[in-house]
Amino acid sequence: MTLTEAMNVRHSVRQYADKPLDGELISKLTQEINACNQESGLHIQLVANEPKAFNGFMAHYGKFSGVTNYIAMIGKKSPDLDEKCGYYGERLVLFLQQLGLNTCWVAMTYSKVKTAFVIDAGEKLCVVIALGYGQTQGIAHKSKPASMVMQAEGTIPEWFQRGIEAALLAPTAMNQQKFLLTQKGRQVTAKAQMGFYTKLDLGIVKYHFEIGAGKENFEWA
């Protein structure tokens with residue numbers, strides 16, 4: 001499965017089967033997490049076979065069940081932490097989809113189990129990503145018209161149009177899609193608008209846009 005295919009078939013899943021991750025899957029995921037950490041400077045950690053985080057009232061309120069594995073997106077406190085967590089978290093989400101696993105971004109409806117991961121001095125837990133074998137494959141979210149999330153000068157390049165289509169497939173908090181992508185020549189500007197977790201969403205959107213547009217066709221302004 002290519003990244004483009006993973007992006008098209010991946011949907012949020014909240015109910016998971018009682019099936020543990022095997023050693024080979026954990027090894028592949030750990031390698032990818034290490035690569036993301038080395039590239040980004042984040043402190044992303046895999047938490048496997050830990051049922052407490054999704055066994056409380058908030059998780060049940062959020063309609064989660066069977067979640068015993070998740071990724072903790074942790075990094076040094078900085079103005080760009082949320083965006084960076086979104087970008088590298090979505091890289092992991094699509095990697096997991098390629099491995100045949102399902103995922104869900106979770107910002108609030110879980111319990112922090114302090115013994116499950118390490119937060120060093122100056123760091124914070126930004127968000128977690130539930131993962132496992134979904135009971136379903138989820139359903140596609142509704143999207144805004146492309147015209148509401150983009151601005152372009154003159155004739156719209158094909159690469160920019162592909163990037164916008166990919167960006168609209170990106171998961172965002174409460175499906176708000178509060179972002180704006182502006183094209184001027186080879187330059188693209190990405191801005192988060194007002195709303196919950198929009199900086200995190202922007203990182204996710206930027207990763208999707210890069211896949212759709214092709215990183216060789218443009219530069220971030």
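**Close-up views of the predicted chain**

**View 1. F196 and a nonpolar surface patch.** F196 is exposed, with a relative accessible area of 59% (buried is under 20% relative accessible area, exposed over 50%, partly exposed in between, with a 1.4 Å probe and protein chains only). The model is predicted: local features need pLDDT of at least 70 and side-chain atom pairs pLDDT 80 or more, while totals for chains, interfaces and linings use all residues. Residues are numbered from 1 along each chain as its sequence is written, and side-chain values use heavy atoms, with hydrogens and water left out. F196 is located in the loop between β7 (187-192) and α6 (198-213) (helices are DSSP runs of H or I with at least four residues, strands runs of E with at least two, numbered from the N terminus). Patch residues have over 30% relative accessible area and no salt bridge; like charges are joined within 9 Å, and nonpolar side chains (Val, Leu, Ile, Met, Phe, Trp, Tyr) within 5 Å. Accessible areas come from the Shrake-Rupley method with a 1.4 Å probe, and for residues only the protein chains shown count as cover.

**View 2. Helix α6 and the residue that follows.** The 16 residues of α6 reach 21 Å from first to last C-alpha, close to the 22 Å expected at 1.5 Å a residue (the expected span is 1.5 Å times one less than the number of residues). Of these 16 residues, 15 are buried, and α6 is thus mostly covered. G214 follows α6 and has a positive phi, near 90 degrees.

**View 3. Positive phi values at N175 and Q177.** N175 is placed in the loop between α5 (158-167) and β6 (179-184), and Q177 also lies in the loop between α5 and β6. Neither residue is glycine, yet phi is near 55 degrees for N175 and near 50 degrees for Q177. N175 is partly exposed at 30% relative accessibility, whereas Q177 is buried, with a relative accessible area of 1%.

View 4. L29 counts as buried at 2% relative accessibility. Leaving aside residues up to four places away in sequence, L29 touches L46, I71, L92, F95, L96 and L131 (contact means heavy atoms within 4.5 Å). L29 and L99 are 70 residues apart in sequence, and their C-alpha atoms are 9.0 Å apart in space.

**View 5. A salt-bridge network of E32, E39 and R91.** A salt bridge places a side-chain nitrogen of Lys or Arg within 4 Å of a carboxyl oxygen of Asp or Glu. The side chains of E32 and R91 meet at 2.9 Å, N to O. This pair links distant parts of the chain, with E32 in helix α2 and R91 in helix α4 (residues 81-98), 59 residues apart. E32 is buried, with a relative accessible area of 17%, and R91 is buried at 15%. R91 also meets E39 in a salt bridge of 3.2 Å, N to O.

**View 6. The salt bridge between E24 and K28.** The side chains of E24 and K28 meet at 3.5 Å, N to O. Both residues lie in helix α2, four residues apart, about one turn of the helix. E24 is exposed at 55% relative accessibility, and K28 is partly exposed, with a relative accessible area of 37%.
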